[in-house]
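Hi,

Here is the structure I promised to pass along. My notes on its pockets follow below.

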Amino acid sequence: MADVFLEGRDLKKYYPVNKGLLQRTVGWVRAVDGVSFTIERGKTMSLVGESGAGKTTIAKQVLLLEKPTSGTILCEGNDIQQFSRSQLKMNYRPKVQAVQQNPWSSMNPRMRVRDIIAEPLVVNTKQSKQQVRSRVQELLEQVGLMADAAERYPHEFSGGQRQRIAVARALALNPNLVVLDEPVSALDVSIRAQIMNLLKDLQAQYHLSYMVIAHNLATVRYMSHSVAIMYLGQIVEYGEEEELFKHPLHPYTKALMSASLLTLPEDEDKGVKKIILSGEMPSPLDPPPGCRFHTRCPEARAECSQTEPPLRSVGGSHKVACIRV
């Protein structure tokens, strides 16, 4: 049986739309609308989709930056919404850390690197100054930076080096899960592989779990063990990385892979055509009836606009929400 660290069950997040002098609620933005997932110890689960699909909103709920409208988040089998403030501080927050997308804006430019990395230790533990200093040096070494980096400021480092500092800060409390929100998208292409290799090495060394928020399928394919494809607040396909990339089933997944991975002229010579989606993603304020993708789907039929397909298993862990499959 899989050793699950974190599980989300039927998570929803609706934001009210208020208008008028009295700010009356006239509608709801369905940012996340019934999403379930599991993250196993030592494994990486990625959320993939266009901007506005709900990926970052889910990450914020996991990090307790947003409270779900409904649904449950279980950590090691325990409902974190039932935790007291002290339980969250002791039993959840240290176990779940984050690395933000932009290494330029995620650090205080007035703090030295030693203080940036030490901040989680100072806030959450009662270690002595010497213990904190020793831990900071250890973390810098683990992410491939020199010891003298501790005395410098963030502006003295390149983007890749800053992201290494961000990783060191995330590892300070020995977490079980690290949420990676587009961890390499803001970096030069030449640096991305170095950071991804660092993250994979640290995962193997410390048996870390990762939740990766991304839109770059090459990054997802390299990093992930399982992948969830999101569209308009819902998961439309889920599966193990190898199976999903070799045998994508949902038309939206096929379109994403066509746009991201088929870039060579020889693909056209083999008769492989890119899938070009028409229009834009509908508003989460007023999602279309039936399958939410049917307004852009090249394979849509009349019944697609009437019946909302459930996310159902098509063998093993592979699941898809499409009536044509």
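The lining of the largest pocket divides into 13 nonpolar, 11 polar and eight charged residues (Ala, Val, Leu, Ile, Met, Phe, Trp, Tyr, Cys and Pro count as nonpolar, Asp, Glu, Lys and Arg as charged, and the others, Gly among them, as polar). Please bear in mind that this is a predicted model, where local features need pLDDT of at least 70, side-chain atom pairs count only at pLDDT 80 or more, and totals for chains, interfaces and linings use all residues. Residues are numbered from 1 along each chain as its sequence is written, and side-chain values use heavy atoms, leaving out hydrogens and water.

A pocket here is an open set of points on a 1 Å grid over the protein atoms alone, where a 1.4 Å probe fits, with protein on both sides within 12 Å along at least five of seven lines; lining residues have an atom within 4 Å of a point.

The largest pocket has a volume of about 590 Å³ (the space filled by probe spheres set on the points, which are joined across faces, edges and corners). Its lining has 32 residues, with Ser36, Ile235, Tyr238, Leu311 and Lys319 nearest the centre. Strand β2 contributes the most to that lining, seven residues (strands are DSSP runs of E, at least two residues, and helices runs of H or I, at least four, numbered from the N terminus).

The second largest pocket holds about 510 Å³. Leu63, Arg93, Val96, Gln97 and Ala98 are the closest to its centre among 21 lining residues. Helix α3 (113-124) gives the largest share, five residues.

Best wishes
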